[in-house]
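Here are my notes on the structure, point by point. Please read them with the model open.

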Amino acid sequence: MLVSSILSTVLLLAAAAPAAQTQLPAELSALLLVELPALLPVELPALLPVELPALLPVELPNGDLLVLADLLHTSAGPPIEAGAVVVRAGKIEYVGAADAIQLPDDLKVLRAAVVTPGLVDAHSCAGLAGWLNTPADQDERDDTGPMQPELRALDAYNAREPLVAYLREFGITTLHTGHAPTALIAGQTMVVKTRGRTVAEAALVPEAMVVASLTEAARGEGGPGTPAKSVAMLRGELLAAQDHANAVQRAADAGDPPPARDLRKETLGRVLSGELPLMITAHRQRDIESVVRLAAEFEGARFVLDGAAEILDVIEPVRAAGIPIVLHPTMYRAGGETENLGFTTAAKLHAAGVPFSIQSGYEAYVPRTRVVLFEAAAAAGRGLPPEAALTAITIEPARMLGLDARIGSLEVGKDADLALFDGDPFETTSHCIGTVIDGLLVATGERDR
Amino acid sequence: MLSAALFVSLAFSFAPGEELAPPGLAPAPAPLQEPTGTIAFVGARLVPISGPEIESGTLVITDGRIAAIGPAGDVSVPEGARTLDASGRTILPGLVCTHSHVGGPWGADASGPIQPEVRSLDSVDVRAASVHRARAGGLTTINAMPGSGHLISGQTVYLKLRDAGSVEDLCYRFEDGSPMGGLKMANGTNSQKAAPFPGTRAKSAALVREQYIAAQEYRDKVRRAADDEDVDPPARDLALEALVEVLEGKRIVHHHTHRHDDIVTVLRLADEFGFRVVLHHVSEGWKVADEIAAAGVPCSVILVDSPGGKEEARDLRFATPKILDAAGVRLSIHTDDYITDSRLFLRSGALAVRGGLSREKALEALTLEGARQLDLADRIGSLEVGKDADLCVLDGDPLSIYTRVLETWVEGRRVFDLSDPEDALYAEGGRGAGDARVFTDCCANVAGAR
C-alpha cells in the first residue's frame with residue numbers, strides 16, 4: 001500500500017536523507033509550501049475566477065527544475081524512495097535515486113512527500129463542458145443531429161475554462177477531451193495539456209478520435225430509437241463514408257475532378273483508414289458485443305471501448321479483438337443501463353490481465369466533472385493495486401492515445417509533467433500541492449486545504 | 001486485499017441463521033424486534049463519537065441496545081454473552097444520512113409548488129437495491145426525502161435500515177405511533193418554473209409565507225375549537241395539518257438551499273414563523289457562516305468532487321464544513337444519494353477533512369450530529385449505554401479510502417455482511433446489483449402474521 005511505503009520512507013529519510021540535503025540546503029529550505037498562496041479568504045465574493053490567476057505558469061523560466069520526492073512513482077518501474085527528477089528545458093533529464101548522482105545546484109527545487117507522473121485523464125469533456133453547465137459554457141454536446149463526426153473538439157475547447165484549472169490543481173496534466181457521448185456520433189476529441197492560453201497552446205493532438213455512443217443517452221429525439229437502430233445507422237454511415245472515400249480514390253486514379261467535399265464523410269473516412277480511432281461508449285453487454293462486431297466488420301478502423309459497465313461479462317471477445325478499454329469512472333452512478341457496474345471492475349480487469357484506463361467521463365449535472373485522481377483512488381480502495389491504479393491514469397491512457405513516448409511516465413526524454421502530493425495520492429485526506437507541466441509549475445495545489 | 005478482508009470477516013461472523021429473527025411491526029417506543037440476547041464485541045477500536053476513541057475496547061449489546069462500552073480491561077463480558085473477536089476492527093455508530101433519495105421517496109407531483117400533504121412514506125420502496133447499498137455503506141438511519149423541484153415537496157420519512165421488506169417496519173415513529181419525518185422545502189432555481197410554480201426568488205418566498213400564514217390561521221381555528229365546544233373545528237386539511245406540525249416544532253423543515261442569499265432567506269422565514277430548520281447542501285454557506293451561526297441553525301452539507309454543474313453550486317467547496325465549524329455552526333454531512341453514493345459516505349467525511357475539518361468533527365457529522373438534526377440523538381448517533389445497537393464495522397481507519405465496511409448492524413442484528421456473497425454484490429456491484437432485494441422467508445412470515 002502506498003501509505004505504508006510513504007511512512008517507511010519518511011523514517012528512512014530521517015536517517016539517510018541528510019546527505020542529499022546538505023548538498024542543497026538553501027533550495028531545500030525553500031520548500032514548495034512556502035510558495036503556495038494561503039487558503040482563499042472567506043470574504044472572497046466568489047470562487048469562480050473571472051480571470052484565472054493561476055493560468056500563467058509561476059515564474060520558472062526555461063522549464064528547468066529539480067523535483068525531490070520522499071517517494072517517487074514513475075509508472076515505469078517500482079517506486080523510488082528519496083527520488084529526484086532533473087528537468088531541463090521542460091524535458092526529463094534524470095529520474096532516480098537522489099543520492100545516485102551529483103544533483104545540479106543551479107535549479108529551482110520543488111519537494112513533496114510523493115511525486116507521480118502528471119495524471120492523464122483518458123476521457124473527459126472538460127474545456128468543452130464548462131463550470132456552470134449553462135448554455136453559455138456547455139459546448140460538449142450538440143443535440144441538433146444524431147451523427148456529426150465533423151464537430152471538432154478544437155473548435156470548442158476553452159483553454160481558459162475554470163474547470164480545466166480546477167482539474168489541474170489535482171495533478172491532472174493531460175486531458176483526452178471532447179464531445180459528450182450523448183449522440184450516436186457526437187463529434188471529435190482532442191488531447192490537451194491543462195495549460196496554455198489558447199487551444200493551440202494547449203493542444204497535443206488537435207484531432208484525436210471520433211466519439212460514438214451506443215448508450216441510452218444517444219437514443220431518442222431524432223436519433224435512433226433502439227439499440228439495433230443505433231448499430232444500423234452507424235454501419236450505414238460508415239459504409240457511406242467508405243463509398244465517398246472510394247469515389248475520391250477513383251477520381252484521383254482517373255485524373256477526374258474529385259467529388260464535392262463532405263466533412264462528415266471525410267471524417268469517417270479517416271476513421272475507416274485507422275487514422276482516427278472510433279471511441280464507442282457502450283455499457284450493456286449487448287452493446288459491447290456490437291462494438292466487437294463493428295470492429296470485425298470495419299477491419300481497417302481502430303476502435304476504443306468506452307464506459308463498459310458490463311465488461312466483466314464479455315472480457316474475452318473484447319480482449320481477442322484488441323480493443324482498448326477506457327473504463328467508466330469508478331464512482332459512476334449505478335442505474336439504468338449502468339445498474340450492473342461495479343466498484344471492483346477495475347480490480348477484476350487487472351486480475352484478468354486486461355489493460356485499461358480510467359476516465360472522468362461525462363456528467364450532465366452535479367458533480368460537473370469527476371476528478372480522475374479520485375476515480376482511480378476509489379478503484380484502489382476496492383482492490384485495484386495502487387500502482388495499477390496509478391498506471392490507469394498515467395501510462396495506460398498515454399499508450400491508448402499513442403502518446404506514451406512523450407507523456408504518462410517519468411522517464412528520461414519525456415515531457416516533465418509531474419504531480420506533487422503531501423501523502424498517498426489516493427487517500428481522500430491527502431492533497432495535491434503542485435502540478436508541473438513541461439517543467440513549469442502551473443498549479444500550486446488545491447484551493448481548499 | 002478483498003480476499004483477506006473476507007477471510008477475517010468470516011471468522012468474525014455468527015453461525016448462519018442465528019441473526020434472522022423475524023422483525024415485527026413497531027409499536028413505538030418499545031423495542032421493534034425480538035430480543036437478540038447479549039453480544040460482546042471484544043478487541044475492536046471503538047469510536048464512540050460522544051467520547052474519546054478506545055484503542056482496544058469491549059462493546060456489549062443486549063436486546064438491541066448498548067449495555068456497556070469501555071476499554072477491554074474495564075468492561076467485563078456478561079456470562080452467557082456471545083463473544084465476537086473484533087480485534088483489528090474499528091466500530092463506529094451506524095452512520096446517519098440526513099438527506100437521501102434511496103428507494104425513491106418521491107413526493108409532490110407537477111400540479112403545484114406546495115404539497116406538504118404528500119408523504120415519502122407512501123412512495124419509498126425499501127426493497128430497492130439502493131436501500132441495501134446504503135446498508136453496505138454502513139448507514140443505519142436515513143432521512144428519505146422528496147426532491148427539490150418544489151417549494152414544499154412533501155414529508156420526509158426517517159428510516160431505520162432494519163433488514164425488512166416493508167416501510168412500516170423501517171420507519172421511526174413519533175410517540176403517537178405516526179411515522180416520523182420532517183418536511184422538505186427548497187428555494188433557489190430548482191423550484192422555479194412556469195406557473196403555478198414561482199418564477200423568481202421573491203415569488204418563491206411570498207408563496208411560502210402565504211402558506212404558513214394560512215397554516216397559522218388553521219392552527220388557531222383548531223385551537224379555538226379545542227378550547228370551546230361551541231366552535232366547530234375546521235374541515236381537515238392534510239396540507240395545513242403538516243404545516244401546523246412544523247409550526248409546533250414536531251416536524252423539522254429540511255430545506256434545500258445553495259446560494260448565500262437563499263440561505264439567508266430561509267433564516268428569515270424560519271424566524272418569521274418560528275419553525276425549526278436544517279439547512280441542506282449550503283454550497284455557499286461559507287459566505288454566510290456567521291449569519292447561520294447567529295441564527296443557531298444547523299447545516300447538512302454535501303461534499304461533491306467538483307463545484308458547478310449549475311449556477312447555484314458554482315462556489316461549492318471542500319472547505320465549507322471547516323468554515324461553518326469554525327463559525328460555530330453545527331453540521332452534518334449527507335449523501336443526497338443519487339448525487340453521491342451511500343457506499344461512499346465515509347469518503348464524504350474524508351473530503352471534509354481534506355478541506356480542513358477536524359477528523360473528530362467529520363466523524364460526528366456522519367453520525368451524532370445527523371441524529372440531532374433528526375431529533376433522534378437520544379436513540380442513535382453514538383456508542384453510549386442505552387442507545388440502539390446500530391453499528392458500522394470497518395477493517396481500518398474510517399477516513400481511509402482503503403477501508404471497507406465489513407458489517408452493518410441495526411438494533412443488535414447484522415443487516416449487512418461483506419463476507420456474504422449476496423451482500424457483497426450490493427457492496428461492490430456487478431451483474432444483478434441493480435435488482436431489487438429478494439427477501440428470505442423471515443420477512444414473508446412477518447407479512448403473513450400481520
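Predicted model: local features only at pLDDT ≥ 70, side-chain atom pairs only at ≥ 80, totals over all residues.

1. The axes of helix H4 (residues 201-227) of chain B and helix H6 (residues 260-273) of chain B cross at roughly 20° and come within 11 Å. Angles under 35 degrees count as roughly parallel, so H4(B) is roughly parallel to H6(B). The crossing in which H4(B) passes H6(B) is right-handed.

2. Which residues make this contact? H4(B) supplies B:Arg201, B:Ala205, B:Val208, B:Arg209 and B:Tyr212. From H6(B) come B:Asp262, B:Thr265, B:Leu269 and B:Phe273. By class, the residues of the contact of H4(B) with H6(B) are five nonpolar, one polar and three charged.

3. Now a helix pair in chain A. Helix H7 (residues 227-254) of chain A and helix H8 (residues 263-272) of chain A have axes that come within 8 Å and cross at roughly 95°. An angle of 65 to 115 degrees counts as roughly perpendicular, so that is how H7(A) stands to H8(A).

4. On H7(A) they are A:Glu237, A:Leu238, A:Ala240, A:Ala241, A:Gln242, A:His244 and A:Ala245. They meet A:Lys265, A:Leu268, A:Gly269 and A:Leu272 in H8(A). The contact of H7(A) with H8(A) divides into six nonpolar, three polar and two charged residues.

5. Back to chain B, for its sheet. Six strands of chain B form an open sheet with mixed pairing, in the order E8-E10-E11-E12-E13-E14. Which strands stand at the edges? They are strand E8 (152-155) and strand E14 (331-334) of chain B. Each has a single partner strand, so one side of each is left without a neighbour in the sheet. From one strand to the next, the twist averages 25°.

6. One pairing within chain B can be checked by residue. Strand E12 (residues 277-281) of chain B and strand E13 (residues 299-302) of chain B run parallel and are joined by three bridges. Opposite B:His280 stands B:Ser300 in E13(B).

7. Last, the interface. Here 45 residues of chain A are in contact with 40 residues of chain B. On the chain A side, the elements that give two or more residues are helix H5 (162-168) and helix H12 (372-380) of chain A. H12(A) gives the largest share, four residues. By class, the side of chain A that touches chain B has 24 nonpolar, 12 polar and nine charged residues.

How values were computed:
Residues numbered from 1 in each chain as written. Chains lettered and ligands numbered in written order. Pairing = 2+ DSSP bridges. Axes fitted to C-alpha atoms, helices over the stretch in contact; angles between N-to-C directions. Contact = placed C-beta atoms within 7 Å. Nonpolar A, V, L, I, M, F, W, Y, C, P; charged D, E, K, R; others polar. Parallel < 35°, antiparallel > 145°, perpendicular 65-115°, else oblique. Left-handed = near helix turned anticlockwise from the far one by under 90°.
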